[in-house]
Amino acid sequence: MRHSKIASLMVRNVVAVPPESSFKQIAELLDEHRISGVPVVDAERRVIGVVSETDLVLRRPGLATEWEAAPGARTGLVAGSSDGDGPSPTAADLMSSPAVTVDAEETVAGAARTMAGHRVERLPVVDRERRLVGMVTRRDLLQVFLRPDAEIRKEIVEELFESTLWLPPGKLTVRVVEGVVTLEGELERLSDVLVAVQLVRQADGVVAVVDRLRYAFDDTPAGRATGPAGAARRRKTVGERSP
């Protein structure tokens, strides 16, 4: 099955800044390129942090003094900022570190999980040495779900069921509507059903799987523990099977 790698979706011409970049230089870059954040890289382009619009807004010079003067304000919130008379904070002062990144060989699904887990909208893409090679956003990841239904179905039938699982043509019925895959038919073992459903879920462009597959024998550990499958346990859909 085809699983798109982040390297095929990422933007390669990435705007990045060194640790010594000033607050104003970073703000100008974000405005000029209409982006919401920039990775901070060392001399060898290894990603050491990220500065976002939020970092700039919350940590602008002088803000610490304003917040500390307010009732109930938390002190020490603004790392590296001054009271307005001192030097402007640099990228090293402003950045969130360590940076949340994704490997160029990661799948789209893996990158999406990283974004969701860290609640970020964009991820610097790095190579094995953590050098910056690209940038990927949630919008980039959505491109995978624009695959035509017919293309998704063809891949499931030919590459997964026939070539990978060695099922005869027509063994299972596959319908794809707006990325939702419906599977119908019967396999010999429950374990085969579980593998088939999991592989379909991982295919590029699949939004969801409606599992209506049936099985003749429950060969899972739970099924073996209860002995041979009786009439009440045979040929049930996976969603209906007994605990």
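Entry 1, sheet β3-β4-β5. I count two strands as paired if DSSP finds at least two bridges between them. I am working on a predicted model. With that rule I looked for the sheet that holds β3, and I found an open one of three strands in the order β3-β4-β5, with mixed pairing. The edges are taken by β3 and β5 (132-137); each has a single partner strand, so one side of each is left without a neighbour in the sheet. Next I checked the sense in which β3 and β4 pair, which is parallel, over two bridges. I noted V102 standing opposite V125 in β4. I then looked for a helix on this sheet and found α5, which packs there and touches β3, β4 and β5. The direction of α5 makes about 130° with that of β4.

As background, most residues other than glycine have a negative phi, and most peptide bonds are trans. I went through the loops with that in mind. The peptide bond between S97 and P98 is cis, with omega about 0°. I placed P98 in the loop between α4 (91-94) and β3 (102-103). R119 is not a glycine, yet its phi is positive, near 55°. I located R119 in the loop that runs between α5 (108-118) and β4 (122-126).

Entry 3, sheet β6-β7-β8. I turned to another open sheet, in which three strands follow the order β6-β7-β8 with mixed pairing. Its edge strands are β6 (172-177) and β8 (208-217), each pairing on one side only. From one strand to the next the twist averages 10°.

I took the strand pairs in turn. Strands of a sheet pair through backbone hydrogen bonds, either parallel or antiparallel. β6 and β7 (residues 180-189) run antiparallel and are joined by six bridges. V177 is opposite V180 in β7, and L172 is opposite G185 in β7. The hairpin of β6 and β7 has two residues between the strands, and in it E178 takes a positive phi near 55°. β7 and β8 run parallel, joined by nine bridges. Here T182 stands opposite V210 in β8. I also looked up the partner of G185 in β8, which is L213. I followed the chain from β7 through α8 to β8 and noted that the three make a right-handed β-α-β unit.

Two packed helices are described by the angle between their axes and the distance between the axes. For α7 (residues 149-164) and α8 (residues 190-201) I read an angle of about 135° and axes 11 Å apart. That angle makes α7 oblique to α8. The crossing of α7 and α8 is right-handed. Which residues make the contact? On α7 I listed I156, L160 and F161, and on α8 I listed A196, L199 and V200. Sorted by class, the contact of α7 with α8 has six nonpolar residues, no polar ones and no charged ones.

Methods: Residues are numbered from 1 along each chain as its sequence is written. This is a predicted model: local features need pLDDT of at least 70, side-chain atom pairs count only at pLDDT 80 or more; totals for chains, interfaces and linings use all residues. Side-chain values use heavy atoms; hydrogens and water are left out. Axes are lines fitted to C-alpha atoms, for helices over the stretch in contact, and angles run from 0 to 180 degrees between N-to-C directions. Helices (H or I, at least four residues) and strands (E, at least two) are DSSP runs, numbered from the N terminus. Angles under 35 degrees count as roughly parallel, over 145 as roughly antiparallel, 65 to 115 as roughly perpendicular and the rest as oblique. A crossing is left-handed if the near helix is turned anticlockwise from the far one by less than a right angle, and right-handed if clockwise. Contact means heavy atoms within 4.5 Å. Ala, Val, Leu, Ile, Met, Phe, Trp, Tyr, Cys and Pro count as nonpolar, Asp, Glu, Lys and Arg as charged, and the others, Gly among them, as polar. A crossover is right-handed if, with the strands pointing away from the viewer, the path from the first strand over the helix to the second runs clockwise.
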